[in-house]
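Hi everyone, thanks for making time. Have a look at the screen while I bring the model up.

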Amino acid sequence: MGVTQVEKILLFQTGADDAAKVRAAAKPLHIRVEEIETGRFLEPLGQLAGISQGVPAALFTKEPPSGSLLVFCQVEDKKIDRMLAGLREKQAAITYKAVLTPVNAAWNVPRLYLEMEAERRAYAKLGR
């Protein structure tokens, strides 16, 4: 018997207006939305998503990375496409969007921000 897949979105540093837009787009797709407070930024993404367990991390007390972040966790590809279309339609301003993977599940939030920023710079160099 397999583990039930819970589709969810983790939100980091989104304003109340944009968080409401994400929730509105996710509701008809039955995707749970969880806002993660800054103090939990050192926990691994997999732990924040509820797919792994671990020892509680130290409280994050440094200056948080800039920008908002949305992470899709165990969401079907077709729902991700519909969700992204809904976010565009609602004009939700989310700086970074990512999908939880076996690789990044072990990363903490600052590490994911670093990777997302590096990816953004690489695309900018390509002129995209």
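So, which handedness does the crossing of α1 and α3 have? Hold that thought for a moment. This is a predicted model, so local features need pLDDT of at least 70, side-chain atom pairs count only at pLDDT 80 or more, and totals for chains, interfaces and linings use all residues. Residues are numbered from 1 along each chain as its sequence is written, and side-chain values use heavy atoms, with hydrogens and water left out.

Okay, back to the helices. α1 passes α3 in a right-handed crossing. A crossing is right-handed if the near helix is turned clockwise from the far one by less than a right angle, and left-handed if anticlockwise. The helices here are DSSP runs of H or I with at least four residues, the strands are runs of E with at least two, and both are numbered from the N terminus. On the α1 side, the contact (heavy atoms within 4.5 Å) is made by Lys21, Val22, Ala24, Ala25 and Ala26, and they meet Met83, Gly86, Leu87 and Lys90 of α3.

The two helices pack at about 135°, with their axes 9 Å apart. Axes are lines fitted to C-alpha atoms, for helices over the stretch in contact, and angles run from 0 to 180 degrees between N-to-C directions. That makes α1 and α3 oblique to each other: under 35 degrees counts as roughly parallel, over 145 as roughly antiparallel, 65 to 115 as roughly perpendicular, and the rest as oblique.

Now, which residues of α1 are buried? They are Asp18, Ala19, Val22, Ala25 and Ala26. Buried means under 20% relative accessible area, exposed over 50%, and partly exposed in between, using a 1.4 Å probe and protein chains only. Looking down the axis of α1, these buried residues fall within an arc of 125°, so they line one face of the helix. That arc is taken from the directions from the helix axis to the C-beta atoms. The buried residues of α1 pack against β1, β2, β3 and α3. Turned away from that side, you'll find the exposed residues Ala16 and Asp17.

On to the sheet. Four strands form an open sheet in the order β2-β1-β3-β4, with mixed pairing. The edges are β2 (32-36) and β4 (96-99), each with a single partner strand, so one side of each has no neighbour in the sheet. On average, neighbouring strands are turned by 20° against each other, direction ignored. In general, strands of a sheet pair through backbone hydrogen bonds, either parallel or antiparallel. Two strands count as paired if DSSP finds at least two bridges between them. β1 and β2 pair in the parallel sense over five bridges, and Lys8 stands opposite Arg32 in β2.

What lies across β1, β2 and β3? It's α1, running at about 160° to β2. Helix α4 (residues 109-125) also packs on the sheet, touching β1, β3 and β4.

Last stop, the loops. Thr14 lies between β1 (8-12) and α1 (16-26), and at 14% relative accessibility Thr14 is buried. Beyond its neighbours within four places in sequence, Thr14 is in contact with Ala19, Glu35, Ser68 and Ile94. Gln13 is in the loop between β1 and α1, has a positive phi of about 60° although it is not a glycine, and is partly exposed at 27%. Gln91, in the loop between α3 and β4, has a positive phi near 55° and is exposed at 64%.
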